[in-house]
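This report describes a predicted model.

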Amino acid sequence: MKSASSRFSPALLAAVPVFVFLVVPTLIVVPMAFNQSRYITFPPAHFSLDAVSGFLSDPAWTSAVAASLQAAGIAVGLAVLLGGSAAVALHGRRFPGRNLLTGVILAPMIVPAIVLALAFYQFFTSLGLVGTILPIGLAHAVVATPYAFLTVRASLSGLNPALVRSARSLGAGWLSVARFVYLPVIRPGLVAGALFAFSVSIDETVIALFLQSPSATTLPVKMFTDIQYNLTPKIAVSSAMLVTAATLGLLVQVSFMLRRRSNARMLPLTSAAADQTG
Amino acid sequence: MPLATAVPAPAAGATTRRRTLRFRKGWLLLLAPCALFDAVFFLTPLGRLVASSLHDQAYQRVLQDPLVIRSLVNTLEISALSTLATIVLGYLLAVVIWRRGPLMRVILFALVLLPFWTGVLVKNFAWAVLLQDNGMVNSALQGLGITDHPLALLHNRFAVVVGMVHYLLPYAVFPIFAALAAIDNRLELAARSLGAGELSVFRRVILPLTAPGVSAAGLLVFIISTGFFITPVVLGGPGDMMIANQIGFYALQLTDFAGASALALLLTAMVSVLVAVYQRILRAGGAHEVG
């Protein structure tokens, strides 16, 4: 390995600034949350908790956090339930229309967020549902379901469908099959799916922007609205919160990678995930 | 259940058949919630979108709007530029990660994944702070004596491309890494033993073998680029609006939902064609299919 790594040392030298480019913007928002001045600069002049306490005592921001958590709760619950059950149902089964069905389940990943936002806006307005957090949660569930489907499907890839059949022929009822065959196998997929679903929902901005109302403004929407006027310490506080959540997600994913380094099934997901909320 | 073995053969066959039947019904019940949910909350809204685009000659109208043409040109220019930069930088990162040992790989992957897990607004906010007139980048440039006055780095196309490349890099690193990892390392050894130097191994062995992976990554990155909405607003200027922003403008400012829907479907059609090409490349390259 030594010779292999030293061979590309010019590449390594060139890559260091790119790694810095990747990581630094995400990391600087945390110290910025403890800035004293009214306007944001980096590095912060003095350490202070003013921005944090200002954030916590501002109902506009705390209700945005609450709205985001509610939407994420709906999205995670539905995505894990729907995506997970669909992945189990399709496991090891061939039937006409299977690819089409899989395509429909995965399609929300590749439809641009702005297109979904417009479609959801017209749909939920006609149902008279806009004005509550429910349509945002449902819309996020649509976007998050493919992630849970993919992670559960990936965790099932090691399970031979014949095992299920033999368990049943040995007299196991569907409840036992679910508990003793499927659940242990798909548990990591469910955890990863829930994590992805939470991350998708908590960061999603475009759909939530279209479906927002005074009583249902999520954290990213509030940030997006404010950021266009001023770069304020309160935006830094919410950014720091989101970075903390992102780091937790990242740590779980890294622990997955370390646990089964050979079987990096969670990695292809990243390349397939084309959620377009940029 | 051991008694079942004593049951005469025809009866056992009947039980099995009934069981299989029940099992079939069971998996349909498991599939139904997801299928139903997608039918109601995904396909129906898209259907309504198609229906609303068919009003008021929306397609003809939007395609004659110079602002739409402008945003389409912007989208192609910004996406092409971002994709190019992302692929070059992504290739560099993928090669460096590929050349490391297993543990170092995980650490470097974690660095690539940190921005992947971070929301777009957090990233855009950070870039706005870094690139503003009295931001860290300008201070550094002035400190190094490269410029004596703050450069306008924010609210222009440069900032949009920086923000987009930062967002897109993970999407390039992973497929390119997969393509590199699939190379049989005996090929490289063979090339070396035949006297190939550093550069020619890269140019004549590694680069050609990863070309399908690179074009797939490029297409994926381009597809994602075309849908950007937040970044052009936060980091760009008035002249950097992309097609997604134009859709938002039609819907929210003009409340012209027929026009907005028509534009949205044009974008969807473009993305679908690119996705089809993407999957064809992946299949030809033998790599993972999307999903």
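## Nonpolar core

The largest nonpolar core holds 177 residues, and those touching the most other members are A:Ala79, A:Ala117, A:Leu118, A:Phe120 and A:Ala197. The element that gives the most to this core is helix α7 of chain B (residues 157-181), with 17 residues.

Around A:Ala117, once residues up to four places away in sequence are set aside, the residues touched are A:Val206, A:Ile207, A:Leu209 and A:Phe210. A:Ala117 is also one of the residues that touch the most other members of the core.

As general background, nonpolar side chains tend to be buried together in soluble globular proteins.

## Contact between chains A and B

The two chains meet through 86 residues of chain A and 87 residues of chain B. On the chain A side, helix α2 (residues 9-32) supplies the largest share, 14 residues.

Sorted by class, the side of chain A that touches chain B comprises 61 nonpolar residues, 20 polar residues and five charged residues.

## Fold of chain A

Chain A contains 13 helices and zero strands. Read from the N terminus, its elements accordingly follow the order α-α-α-α-α-α-α-α-α-α-α-α-α.

Of the 278 residues in chain A, 50% count as buried. Among the contacts in chain A with a separation of 6 or more, 77% join residues 24 or more positions apart. One example of a residue with contacts beyond four places in sequence is A:Ala117, which touches A:Val206 and A:Phe210, among others.

How values were computed. Residues numbered from 1 in each chain as written. Chains lettered and ligands numbered in written order. Predicted model: local features only at pLDDT ≥ 70, side-chain atom pairs only at ≥ 80, totals over all residues. Core = buried A, V, L, I, M, F, W, Y, C linked by C-beta atoms within 7 Å. Buried ≥ 20, exposed ≤ 12 C-beta atoms within 10 Å, placed from the backbone. Helix = DSSP H or I, 4+ residues; strand = E, 2+ residues; numbered from the N terminus. Contact = placed C-beta atoms within 7 Å. Nonpolar A, V, L, I, M, F, W, Y, C, P; charged D, E, K, R; others polar.
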